[in-house]
Amino acid sequence: MERAHTIPHRRLDPTAAVVRSAVRAMMPGSSTLPGCGELELDAFVRRLLHEASWPMWLATTASSLAFVLTPPLTVYLPLPSFLLPASLLDRHADRMSGHALYPVRQAAMMVKTVMGMHWGAHPRVREALALPPYPEDPGTWRTH
Amino acid sequence: MSHHAFREPGDPLELEVDWIVVGSGAGGASAAVALARGGARVAVVEAGAWRDPEHYPSSAYGGARDLMPAFGGLATAGRAQWPVVQGEAVGGTTVINSAICVRTPGDVFVRWAAEHGVGGGPMAERIGAIQDALEVELHASRATGRAVGRSDVLALRGAAALGYDSHPTRRFVEDCAGSGQCLQGCRAGRKQSLNLNFIPETLERGGVVLSCAPVARIVLEGNRAAGVRGRFRHPRTRRAGASFQVRARHGVFVAASAIQSPLLLRRSGIRNRSLGRQFHAHPGTGLFGWYDDPVDMHIGATQGWSSLAHRDTGGFKLESLSIPLELVAGRLKGGGAVLAERLEDFRHLAMWVMAVKAESVGSIHPGPLGPLVRYTLDRADMVKMRTAAVLLAQTHFAAGARWVIPGIHGLPYKIDADALHTIEDAPLDPRAWVAVLSHLFGGCPMGADPARSVCDGEGRVHGHQGLWIADASQIPTNLGVNPQHTIMALARLRAETALSRATP
Ligand SMILES: Cc1cc2nc3c(=O)[nH]c(=O)nc-3n(C[C@H](O)[C@H](O)[C@H](O)COP(=O)(O)OP(=O)(O)OC[C@H]3O[C@@H](n4cnc5c(N)ncnc54)[C@H](O)[C@@H]3O)c2cc1C
Ligand code: SF4
């Protein structure tokens with residue numbers, strides 16, 4: 001049986017930073033639920049980018065980049081999403097997910113999927129919603 | 001040693017057996033065990049890793065990483081991009097499915113006979129007998145007790161109020177604990193995925209399993225299938241390992257799924273204009289009902305309620321679905337604080353889904369990033385999807401839902417019973433709908449006419465010897481019911497036929 005593995009850490013990782021900023025904005029939290037930014041997001045994103053298949057990696061990074069670049073289509077400001085003030089960033093996240101252009105909507109859906117995989121599995125979120133915590137995914141298999 | 005997992009590059013693995021089965025899912029495992037029971041030495045060659053319940057993940061992330069091809073990243077390339085969901089593991093998609101057990105409806109055999117010159121009454125009779133046996137072997141039983149969650153109880157109530165027939169689901173599960181985790185693999189070992197029964201039995205009967213072993217090519221000697229070859233692939237890093245070559249004295253069964261089987265035949269040099277054609281599916285999507293009291297849909301079987309009442313008249317099937325919290329975010333509209341607020345309601349949501357008996361036809365091709373699935377629902381099928389959505393909404397309201405969350409682009413986030421007409425008028429553009437494909441058919445369709453099919457009515461690839469199809473790819477139409485039972489029975493039938501034909 002093989003054990004799960006460690007993820008290499010790079011100090012400067014622009015791809016991870018883009019994904020993180022999109023995912024964090026998509027789930028800022030509410031009065032009763034923690035937001036993604038409070039839930040070890042960095043470790044999750046690094047892990048995802050390391051473990052994902054090539055098509056999944058591409059879909060994740062392209063969608064996150066779309067999130068960063070599309071404020072002109074949603075809040076009509078020529079700024080990347082990470083330079084938006086908080087209230088506009090929130091509006092951008094919401095409008096992108098219901099945008100009239102299908103590719104824009106799909107990109108938001110992908111960011112939400114990534115966000116959901118992290119957020120929905122986190123013990124703090126699960127506790128808040130009366131769900132049992134997940135044991136760790138072993139990541140193992142039969143080797144003989 | 002009878003199980004060979006990933007091997008580092010080095011000495012190649014070489015074996016000779018009577019029969020090779022490529023793929024170990026519903027079709028492959030069923031064919032393998034039938035061949036082994038017939039006294040043959042079988043090698044099952046599977047692309048995915050062999051994971052037992054203690055290896056299964058719990059999270060949706062772990063499910064995509066450990067149990068699906070390409071991290072679950074395949075989607076249709078059509079008007080809309082809808083995920084195409086499959087398993088990649090010893091046991092194939094049966095490891096991640098809900099194990100719903102529905103017998104092949106009689107009209108399917110009639111249709112195959114009329115449209116493809118195969119099937120008909122004799123096949124119906126043999127499949128029926130095999131399905132009787134499979135139901136005993138795999139503990140088919142109706143959900144009871146803990147397996148019937150509140151979402152299922154509500155659905156039963158709603159359907160009864162509307163006067164249509166529905167019931168707790170019949171599944172291949174022994175004593176379900178109602179954990180709602182079937183899609184990540186049943187860690188309790190109750191679900192009868194085929195890695196727990198048919199594959200171990202194949203080994204006990206002298207068979208061999210190669211896991212982490214994607215077949216690159218079928219080796220052809222003239223028009224005879226003589227074996228398979230490929231290289232082991234590490235299940236985590238995906239790096240290539242040692243090469244393997246398995247020779248078959250009698251033949252090769254291909255059961256790599258409706259997506260992969262046609263691609264494998266094509267890259268093995270098999271030329272047939274129907275390869276990758278006649279692709280069908282049951283696309284599905286769901287609606288949430290919002291209830292005043294918590295529903296806690298994660299309690300109960302993953303799919304504890306179903307109705308076939310509208311299969312023949314409406315062209316769809318209805319089911320409950322305990323969708324993991326991780327995937328709910330993608331199904332609710334909105335982003336940012338709005339989405340966060342909506343997710344607070346999770347405990348009050350019940351998701352019910354439809355599977356559309358779609359007549360739209362697609363095709364499978366090799367693509368730059370993996371398989372390319374060309375598929376778009378036509379207008380008639382979209383009408384079925386919309387009709388089913390209306391009925392699901394009505395059922396939710398009849399069960400006491402305060403609102404329904406349709407998740408259809410252009411519609412309000414949630415509607416009450418007075419606004420049902422918004423779903424009735426919902427757009428028929430597939431891009432407005434978030435659907436998935438999980439029941440897949442065709443790609444190597446069977447048929448009497450070699451110009452319009454890949455294999456004959458017995459599953460033999462036209463123009464070749466010792467080459468059989470044993471998975472969903474041989475099915476030339478949709479079924480309108482959950483397909484695992486049909487696929488397993490067809491595979492067993494193929495194996496028994498092959499054994500009776502093989503020269504000793
Ligand atoms: C989420 C989900 C839920 C479902 N629920 C139900 C249900 O409740 N009831 C039901 O009846 N049906 C259900 N289905 C459908 C059902 O599981 C499938 O139709 C069925 O398993 C398909 O059988 P198959 O043999 O064609 O392919 P699979 O079961 O997918 O098996 C194919 C196998 O071949 C392997 N493979 C692929 N390429 C290669 C290669 N080159 N070399 C070696 N191996 C290869 C794959 O890794 C895989 O293990 C569900 C499907 C999904 C995705
Ligand atoms: S609901 Fe839970 S216990 Fe029941 S079969 Fe599915 S995973 Fe196993």
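Which residue of chain B does the side chain of A:Arg126 meet in a salt bridge? I looked this up first. The partner is B:Glu326, at 3.9 Å from N to O. I took a salt bridge as a side-chain nitrogen of Lys or Arg within 4 Å of a carboxyl oxygen of Asp or Glu.

**Ground rules.** This is a predicted model, in which local features need pLDDT of at least 70 and side-chain atom pairs count only at pLDDT 80 or more, while totals for chains, interfaces and linings use all residues. Residues are numbered from 1 along each chain as its sequence is written, chains are lettered from A and ligands numbered from 1 in the order in which they are written, and side-chain values use heavy atoms, with hydrogens and water left out.

**Confidence, chain A.** I checked pLDDT, the predictor's confidence in each residue, from 0 to 100. Chain A has a mean of 93, with 92% of its residues at 70 or more. Helices here are DSSP runs of H or I with at least four residues, strands are runs of E with at least two, and both are numbered from the N terminus.

**Interface of chain A and chain B.** I counted contacts as heavy atoms within 4.5 Å. On that basis 58 residues of chain A are in contact with 55 residues of chain B. The two chains bury about 4600 Å² between them, 62% of it on carbon and sulfur atoms. Buried area is the accessible area (1.4 Å probe) that two parts lose on being put together, summed over both. A:Tyr102, A:Trp141 and A:Arg142 supply 17% of the area that chain A buries against chain B, more than any other three residues.

The rule finds three salt bridges across this interface. I also found 22 residue pairs in polar contact there, both residues at pLDDT 80 or more. A polar contact is a pair of N or O atoms within 3.5 Å; within protein, one must be able to donate a hydrogen and the other to accept it, and residues adjacent in sequence count only if both atoms are side-chain atoms. Helix 6 of chain A gives the largest share of the side of chain A that touches chain B, nine residues.

**B:His439.** I found this residue in strand 18 (residues 436-443) of chain B. B:His439 is buried, at 14% relative accessibility. Buried means under 20% relative accessible area, exposed over 50%, and partly exposed in between (1.4 Å probe, protein chains only). The side chain of B:His439 makes a polar contact of 3.0 Å with that of B:His282.

**Salt bridges in chain B.** Over all chains the count comes to 40. I looked at B:Arg190 and B:Asp175, whose side chains meet at 3.7 Å, N to O. Both lie in the loop between strand 6 (170-172) and helix 6 (198-204) of chain B, so the pair ties together parts that are 15 residues apart in sequence. B:Asp175 is exposed at 52%, whereas B:Arg190 is partly exposed at 25%.

Next I took B:Glu221, which is partly exposed at 37%. Its side chain meets B:Arg224 in a salt bridge of 3.7 Å and B:Arg247 in one of 3.2 Å. B:Glu221 is in strand 8 (residues 215-221) and B:Arg247 in strand 10 (residues 240-254) of chain B, 26 residues apart.

Last, I noted a salt-bridge network that links B:Arg37, B:Glu137, B:Glu201, B:Arg205 and B:Arg492.
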